[in-house]
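Reader: I am new to this structure. Please pick one part and take me through it closely, together with what surrounds it.

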Amino acid sequence: MQMLTDVPSNTVCTVKWMLGLPEETDQELRDWEICQGSEIRVIQNNGGGLLIIGAGPRRIALGADTANHIRV
């Protein structure tokens, strides 16, 4: 299991857990159908604090602070 920020670009992975996220962020991710067991694709990980992930037809930009709370 690793932090989402450590996953290279163009990798498909499964969310193992999401802990320690603020309630608003957690709800937004669930609204986008991202939760434990979800399959996501890391579209871009520039290592500089911004990740773009894909979940189904959606594309979502996450800051490193948020992505650090997601393990895959």
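Author: **One loop and its surroundings**

Ser 38 sits in the loop between helix H1 (23-31) and strand S3 (39-45). Helices (H or I, at least four residues) and strands (E, at least two) are DSSP runs, numbered from the N terminus. This is a predicted model, where local features need pLDDT of at least 70 and side-chain atom pairs count only at pLDDT 80 or more, while totals for chains, interfaces and linings use all residues. Residues are numbered from 1 along each chain as its sequence is written, and side-chain values use heavy atoms, with hydrogens and water left out.

Start with Ser 38 itself. Its relative accessibility is 11%, so Ser 38 counts as buried. Buried means under 20% relative accessible area, exposed means over 50%, and partly exposed is in between (1.4 Å probe, protein chains only). Which residues does Ser 38 touch, leaving out those up to four places away in sequence? They are Cys 13, Thr 14, Val 15 and Glu 33. Contact here means heavy atoms within 4.5 Å. With Glu 33 there is also a polar detail: a polar atom of the Ser 38 side chain lies 3.3 Å from the backbone oxygen of Glu 33.

Take Cys 13 next. Cys 13 is buried, at a relative accessible area of 11%. How many disulfides does the structure hold? The count is 0. Cys 13 is in no disulfide, and the nearest cysteine sulfur, that of Cys 35, is 14 Å away. A disulfide is a pair of cysteine sulfur atoms within 2.5 Å. Cys 35 is partly exposed, with a relative accessible area of 30%.

Now Glu 33. Is Glu 33 buried or exposed? Glu 33 counts as exposed, at 56% relative accessibility. Glu 33 also forms a salt bridge with Arg 58, and the closest N and O atoms are 3.9 Å apart. Glu 33 lies in the loop between H1 and S3 and Arg 58 in strand S5, so the pair ties together parts that are 25 residues apart in sequence. A salt bridge is a side-chain nitrogen of Lys or Arg within 4 Å of a carboxyl oxygen of Asp or Glu. Arg 58 is partly exposed, at 31% relative accessible area.

The whole structure has 2 salt bridges. One of them joins the side chains of Arg 30 and Asp 26 (3.2 Å, N to O). Arg 30 and Asp 26 are 4 residues apart in helix H1, so about one helical turn separates them. Arg 30 counts as partly exposed, at 41% relative accessibility.

Follow the chain onward from the loop, into the strands. S3 and S4 pair in the antiparallel sense over 4 bridges. Two strands pair if DSSP finds at least two bridges between them. S3 and S4 form a hairpin with 4 residues between them, and Gly 47 in the turn has a positive phi of about 70 degrees. Asn 45 stands opposite Leu 51 in S4.

Leu 51 also stands opposite Leu 62 in S5. Strand S4 (residues 50-55) pairs with strand S5 (residues 58-63) in the antiparallel sense, over 6 bridges. Gly 54 has Arg 59 in S5 as its bridge partner. The hairpin of S4 and S5 has 2 residues between the strands, and there Gly 56 takes a positive phi near 65 degrees. Strand S5 leads back to the loop: its Arg 58 is the salt-bridge partner of Glu 33.

Methods. A polar contact is a pair of N or O atoms within 3.5 Å; within protein, one must be able to donate a hydrogen and the other to accept it, and residues adjacent in sequence count only if both atoms are side-chain atoms.
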